[in-house]
Amino acid sequence: MASKTFIYALASRLPALLFLFAIVFSPDILSVKSQHVATSILNTQEDPTDIAAVLDLPESSWQTSTVSRKYIPTDAWHTHWYRLEVDSLPSNNDDWLVTMEGTGIMDLSKVEFFLVSGQQVLSRFNTGGDYPETFSSQQDSRYLFKFRVEKPDTRIYIRTASNGDLINTPQIYSERDYKDHARSLVFIVSILNGCLLGLAIYSLGLFVVLRDVTYFYLGFWQICSVFMAIYVSRFIKTIAPMIAIKSEQLYPVGAVFFGGFFVFLFLFAGKYFDYRRNFPKSVLYLKIHLYASVMSTVTFAFAKPSWIIVQLGFLIVSAIVRNMFVYSGHLKQSFVFLFSTAASFYIVGGIAFVLSDVGIIEWTQFRYFSLHIGSIFGSAILSVSMSQRLKFMEKRHKDIVNAIKKDDELVKLNALLNESFSGHFNTSDLDVSMMFVDIASFSEISLGRTQSDIYRDLSALITSVVGIVEEHGGSIDRSVGAGVLCLFGYKKVGKSFDPSVDAFSAACRIQEMNVQRSLGSVNKIIMPMRIGIHTAKVTIGNLGDQGRIDFTVIGAGVNLASRLKESCSPYKVILSQAVRDQLKAGGRDVERLSPISIAVKHQAKLLEAFEFNPFGAAPELLQRVESVFLEHIGMRSLDQRFRLKNDAQINLVSDVGVFQVRDFSNYGFRAVSTKLLGRQTVINVKIQTSNPHIDAQLSEALLSDVALEVRWSRQTEHGFEHGFKIYGGGSRQSEFIFNTFKIGFAGDAISQTLDQIVTEVAS
Amino acid sequence: MVLSWFKNPPTWAYRLLAILPALVFVAIVPVLPDVGGFDGSLYRVERYVGPLDSNLDSIEVIKNQSANLWVAEDPQYHFGVKGAREPVWYRITIPAVAHPKSLISEVGYHLLPKADFYLVDGQSVTASVFGGSERPALVDNLFTSIKFRPEQSREVYLYLRLETQAPIVAPLFIGDEQSFLALNSMRGWFHVLITGVLIGFGLYSLALFLTMRKPLYAILLVSQFTVAIFPTFFSGQIYNIWPNFTRDLSINLLIIMETVLIPQILIFFFNQSYVARDLGAKSFNNLAKIVATMTIVEFVSAPFFSSSPILIVLVTVSNLGVIVAVIIDIMKWPIKNLIFYRMFLSSVIPGIAISAASWLGVTAPSYFKHYFFDVNAVVSFILLAAAMTHRIRNLELKHRRIVRALRSDNLRLTDQLVDVDLNLVPIDHREIDVTIMYIDIMSFSLVAERDSGREIFTDLTRRLSSLSRIVTAHNGVIDRSLGDGLLCFFSGNRNSSFGHATDAFNAASEIQNMLIDEALRIKSQGIYDKDLLLPVRIGLHSDRVLLANLGGGVRVDFTMVGHGVNFVASLEQACGPFNVMISESCYHKLITSGHVVDDFAPVKVSLKYQRDLIQAYEHSMGMKRPYDMKTAIGVYFNQVGVFPRETRHSIVSERSVALISNGTHFYVLDYSPSGMRLVSDNYFAQKVVMEFVVETGVEHLNKKLRDKFIDRIIAEVKWSRKTEAGFEHGIKLMGGNQRQMELLIHVLSKRHTMPESWRTGA
């Protein structure tokens with residue numbers, strides 16, 4: 001497994017590794033016919049600004065140049081003096097040109113050339129980045145000085161001034177060689193920049209047509225890379241020499257585009273990888289990082305070079321770390337793979353350029369273009385992925401049409417119409433509130449009705465539920481049978497939120513809505529709902545394989561939420577302990593929540609939960625809606641029930657508490673207690689009555705201990721009322737028990753109230 | 001108001017938009033600055049129109065020709081040099097200036113075979129430059145230029161002698177050194193940058209081709225790379241990196257003309273695959289044939305015309321002809337869908353026309369007009385790419401409208417939305433006959449207890465996808481996953497040659513067989529710790545269900561709605577490992593389609609919401625693979641850690657104690673305090689709860705039970721299986737209390753044998 005991941009990781013970077021190989025081992029592609037002359041650099045603490053002072057310096061101040069290229073960013077201005085012994089040049093009818101250039105990162109602000117014979121200055125020329133007018137007619141970005149060697153002991157002195165410590169080697173060409181060389185260089189720079197521009201324009205064009213912001217970010221990411229490339233290749237001097245800004249203003253502009261490159265990269269990746277859905281937990285950090293990057297980028301316009309360098313380091317490292325985090329383990333997805341391939345091209349090209357530009361590795365023309373080449377390959381590879389998106393859109397439409405045409409494929413529309421291109425490729429553990437809403441007794445309700453009638457009402461009801469859930473910031477995970485599973489705290493992740501409060505408020509609204517609905521219209525099928533809410537850490541991700549998207553949550557918490565819902569009585573809400581705690585922490589009044597014990601499958605211990613009756617303040621409303629429901633499903637048959645005689649008492653003693661029987665029928669008891677038990681809970685009780693004779697009778701029949709199942713339960717002014725039924729045993733056992741009780745304790749026969757029946761029916 | 005206008009603009013706005021590129025192009029050309037020309041009001045230009053033979057064709061003679069043989073070129077416009085097979089002489093009058101500065105004059109066309117400059121001051125030739133593509137060594141630039149200085153007191157004359165093979169107009173530059181260098185610099189990057197941009201486009205098209213794999217993108221890619229050649233070749237910049245490239249005008253011309261034909265093929269392909277297919281426009285097909293034929297004819301015949309202007313005319317005419325024909329045809333089709341394509345076409349004609357007119361001298365030439373096609377190529381390709389993408393955008397819009405339609409109540413989809421004739425089918429719900437399958441992974445909670453969230457997810461995904469692959473392979477559709485279960489259905493209306501019941505049954509059998517194979521593998525490799533075998537329960541039911549959207553207006557969520565769905569879930573609950581539980585309706589369908597009755601064991605199943613037991617049929621893998629099934633169950637029990645923990649007591653004679661329920665006799669095989677193993681002739685599924693009457697076969701024992709009300713017990717079937725002796729059931733007693741159990745065991749013990757070990761010991 002691990003080795004497979006490694007292979008993917010390697011394969012995605014392989015093209016960039018080949019590129020790196022080419023960068024390291026390729027010969028210098030553009031042969032430069034420069035003349036070699038002895039070159040020295042002034043090595044002294046003083047900083048003479050005057051040529052006369054320089055000429056007076058002793059020979060010992062001069063040091064043969066060994067460094068070919070060096071740039072150390074500092075915030076100070078540095079000047080350097082170079083001396084070229086041009087006497088050794090071959091005789092030439094043509095003019096000679098000495099060229100001086102800065103690095104791609106930092107230009108030379110001032111370059112002063114002096115042609116000196118002995119101690120006499122024959123001619124001089126001041127140029128540099130601060131004097132755009134002096135190089136406006138040149139094709140490439142170098143600073144030139146034209147000279148002829150006509151007198152003995154001719155030397156050329158060059159003084160450079162730059163922001164930061166910058167050393168470069170002056171080159172000498174014959175004018176014709178230089179022109180050839182410059183022309184081909186301009187050709188290559190133009191074509192490389194043009195390529196990048198073309199890719200960027202295409203992306204922006206796609207944005208205009210598709211109006212998908214992903215392409216917008218991609219386009220601007222590429223535009224930033226174009227400007228970066230134009231900046232480091234000094235192409236701006238070629239295409240618009242007159243608007244070329246002074247060098248100390250140019251580098252912040254370059255830096256801002258460099259920062260913009262990262263900002264748009266992050267924005268793009270956010271859409272591309274669908275951070276919100278795939279990394280819901282990290283969205284906040286990713287956003288903070290994005291804002292930090294934006295801030296850095298803005299400060300670039302004012303910052304000193306050293307500060308820019310520090311922040312760029314931060315941007316580069318954090319971008320790599322960030323992407324690594326996003327890719328990790330997902331390189332099997334082709335779009336992640338392509339992104340990784342593209343990014344590694346940018347990284348390799350960028351690093352090779354910077355290292356050679358500041359002289360850490362040997363500078364070659366190819367390495368000088370590596371930023372361009374890396375960006376072009378990166379963009380081109382990314383455009384493969386963007387094309388896949390187009391293909392996805394095209395294919396999706398075909399699939400949609402097919403799905404609509406064929407009856408049985410309608411379910412495929414779920415994924416086709418709901419999911420985005422990247423879908424979900426990551427699973428994340430997240431604290432959410434899960435709310436199960438479903439219709440109690442749905443099977444009974446649907447008996448005897450047509451499926452379309454059921455659907456019509458079910459669909460309308462679910463629409464209302466979904467509307468309420470959305471209003472409260474929840475999202476629908478899926479419809480499950482005759483209900484929905486909703487998640488709270490998933491959409492709003494990263495912001496300050498209280499999913500439990502949201503879920504609870506939504507649940508109350510849903511029950512209110514449902515009561516209104518039931519009372520409102522005679523035409524509608526009445527569908528009482530029950531709701532269970534639980535807050536827990538769950539895993540969210542895509543369960544489907546490659547051909548199918550099936551985004552859902554799993555975890556023990558989901559099952560618990562489902563169980564809470566099962567135990568819930570119609571028109572009520574059951575909350576877990578965790579939800580109650582959060583409500584309490586959120587300042588909600590939890591006094592109205594009644595503790596309730598619930599039986600959980602495979603667990604001996606009862607689970608403590610809380611029941612909430614949204615109509616606690618308006619019990620008559622609940623009663624009315626229950627009676628409407630009962631009438632609706634045509635419930636008429638009532639058991640005969642018997643109230644206890646005045647002095648009689650039957651207590652059901654269990655581990656969880658004592659239940660006092662109020663009345664009983666031929667099948668079960670109605671008993672009150674201080675303890676609330678959830679539906680379907682089975683407890684073992686010992687029957688203790690006020691009549692020892694009857695107790696003895698039961699004991700004799702081995703029936704003083706019985707198992708009881710809770711059929712319904714609710715809160716009344718006397719305490720918690722439960723409807724119990726004898727669990728298991730045999731029909732003769734219950735017959736004996738209730739006959740014994742009838743003889744011993746029965747007072748008046750009473751008719752069952754509607755609300756008791758409804759709770760029983762709904763079980 | 002304004003917003004809605006923009007959202008749904010009237011047709012005339014679309015028409016305007018369609019011709020906008022053409023309008024913009026035509027509008028900007030006159031106001032373009034001309035870097036390559038000169039000020040016509042400063043310099044008088046005349047062309048020699050007198051006789052010209054070898055005697056006359058020299059500067060010494062021509063400078064003395066009388067003034068009436070020189071005809072003024074229109075000074076309002078920039079100067080163009082009309083080359084011909086014969087040499088042409090021009091005379092430029094350089095006026096006197098107060099403060100003379102060096103000037104440079106240049107013929108900015110690199111394929112002129114010969115271009116000579118002579119500066120004549122009074123009677124003497126003071127300077128001369130001999131250049132042209134046939135004499136490249138004489139100039140250090142691509143173009144022939146002369147540097148000179150006007151006089152303070154008198155006019156001087158610049159004579160220009162040109163030789164060329166084609167009637168092409170080249171711009172003449174006269175200006176100071178600074179602006180000449182600027183021009184030169186601009187030429188050096190501008191054309192190449194355009195080439196770069198087009199290559200960039202080409203890279204994108206390459207990406208599109210690699211993913212879409214349609215010929216259209218291949219030809220687009222080729223066109224873009226071909227057109228990318230234009231700016232550098234046509235401006236001569238190619239010599240900067242390829243100095244030895246031929247300077248023969250006719251070969252250059254041929255290359256250019258041949259490459260022009262490739263975009264023509266692009267239009268052909270575009271019409272074929274985009275317009276014709278998407279809009280069903282038949283008329284494009286004929287047009288496309290004409291274009292294709294014409295292109296091939298031109299492509300093949302071009303070399304024969306290489307040095308003749310006919311070629312240029314032919315290609316230009318055919319290119320324009322194609323575009324005009326396409327435009328005429330395209331007018332028939334709704335403009336909304338083709339807006340970008342129409343913009344593309346409207347940008348191509350003026351672009352090409354502006355350049356061609358400038359080159360051919362039809363209009364006054366200028367540098368920007370000459371190379372206008374550079375800009376035009378970029379704009380056109382953007383518009384073409386937009387046209388291609390717009391199609392996808394249209395599909396996306398349709399898809400959004402479908403979603404909107406599905407989210408709103410009772411909206412019917414029109415066929416226009418989905419390109420098919422749906423006859424206005426309501427798609428929010430449909431009623432179809434299906435076999436529903438519910439698969440549930442047993443004991444998945446074991447994995448859930450053991451692993452972390454992400455691992456559970458991976459494990460579940462793996463298990464579910466191996467199940468869904470089989471379902472899909474049998475033409476089944478996954479409705480949804482429900483925790484560790486899958487709800488699927490089979491409708492049998494696709495490639496299936498069987499009914500949906502058979503499809504479902506086959507899928508179910510394959511799933512169970514796969515799991516048994518998996519169990520055998522685990523056993524044979526002894527990897528109990530590594531791979532956890534989790535069997536599945538499967539329920540099958542054939543019914544008519546609604547396939548309906550329960551998305552609640554926010555999302556699209558189609559699912560099955562109906563009684564059958566609830567039913568199948570209960571059915572699945574009654575199923576044992578490695579078995580398939582089949583409803584009566586599904587069973588009948590299977591029998592009708594030729595399955596053998598013996599493959600299915602009738603079994604009684606209880607439903608959650610129904611009091612009566614219902615009839616169902618069980619298909620067990622044990623019928624065909626009894627031994628493997630036993631092994632599989634063994635592996636499962638081994639892994640989940642189920643071992644008999646209680647002492648079980650056997651009954652003396654197999655049929656001595658009976659439990660009677662629903663008219664069926666269940667004979668007790670053995671028992672423990674919590675349950676019994678029974679055998680009977682009828683088959684009841686797990687989860688069935690029944691009340692049994694206990695018949696010990698001995699009256700006083702029966703009475704003992706009766707006295708304490710335990711002659712009737714309620715129990716749930718925990719498992720059941722078919723054996724040689726009949727159907728074995730494991731039941732668990734429900735309710736009751738300790739003392740009752742003790743009595744029951746006491747009674748049963750009167751009927752049980754000694755444990756095996758005692759007997760052997762004795």
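1. D153(A), exposure and backbone. In this predicted model, D153(A) counts as exposed because 11 C-beta neighbours lie inside 10 Å, and the limit for that class is 12 or fewer. D153(A) sits in the loop that runs between β7 (143-147) and β8 (154-168) of chain A. Its phi is positive, about 55 degrees, although D153(A) is not a glycine.

2. R213(B) is exposed because 10 other C-beta atoms are found within 10 Å, where 12 or fewer is the criterion.

3. Domains of chain A. The division of chain A gives domain 1 (39-174), domain 2 (427-621) and domain 3 (637-762). Between domain 1 and domain 2 of chain A, the C-alpha centres are 79 Å apart.

4. Contact between the chains. Chain A puts 99 residues into the contact and chain B puts in 102 residues. On the side of chain A that touches chain B, helix α3 (residues 175-210) of chain A gives the most, with 23 residues. By class, the residues on that side of chain A are 46 nonpolar, 34 polar and 19 charged.

5. Nonpolar cores. The largest nonpolar core has 221 residues, and V98(A), F264(A) and L198(B) have the most contacts inside it. The helix α3(A) gives the most to this core, with 19 residues. Apart from this core lies another, of 203 residues, which includes I402(B), V545(B), C586(B) and M676(B). Nonpolar side chains tend to be buried together in soluble globular proteins.

6. Surroundings of L198(B). Leaving out residues up to four places away in sequence, L198(B) touches G198(A) in chain A.

7. Helix α18 of chain A. Which residues of α18 (residues 577-585) of chain A are buried? They are V579(A), R580(A), Q582(A) and L583(A). These residues are on the same side of α18(A) because they cover an arc of only 165 degrees around the axis. An α-helix has 3.6 residues a turn, so residues three or four places apart point the same way. The buried residues of α18(A) pack against β10 (428-439), α16 (499-520), β13 (529-542), β15 (573-576) and β17 (607-612) of chain A. Just after α18(A), the residue G587(A) has a positive phi of about 80 degrees.

8. Strand β10 of chain A. This strand, one of the elements that the buried residues of α18(A) pack against, is mostly covered, with ten of its twelve residues buried. β10(A) pairs with β13(A) in the antiparallel sense, over twelve bridges. Within β13(A), A536(A) is the residue opposite V432(A). β10(A) is also joined by six bridges to strand β12 (residues 483-488) of chain A, again in an antiparallel arrangement. In β12(A), V484(A) is the residue that stands opposite V437(A). In a regular strand the side chains alternate between the two faces of the sheet.

9. Six bridges connect strand β22 (residues 675-680) of chain B with strand β25 (residues 726-733) of chain B, and the two run antiparallel. M676(B), listed above among the residues of the 203-residue core, has I731(B) in β25(B) as its bridge partner. Strand β24 (residues 712-723) of chain B pairs with β25(B) over eight bridges, in the antiparallel sense. L733(B) in β25(B) is the residue opposite A715(B). A hairpin of two residues joins β24(B) to β25(B).

Definitions and conventions:
Residues numbered from 1 in each chain as written. Chains lettered and ligands numbered in written order. Predicted model: local features only at pLDDT ≥ 70, side-chain atom pairs only at ≥ 80, totals over all residues. Buried ≥ 20, exposed ≤ 12 C-beta atoms within 10 Å, placed from the backbone. Helix = DSSP H or I, 4+ residues; strand = E, 2+ residues; numbered from the N terminus. Arc of directions from axis to C-beta. Contact = placed C-beta atoms within 7 Å. Domains from an automatic or database assignment. Nonpolar A, V, L, I, M, F, W, Y, C, P; charged D, E, K, R; others polar. Pairing = 2+ DSSP bridges. Core = buried A, V, L, I, M, F, W, Y, C linked by C-beta atoms within 7 Å.
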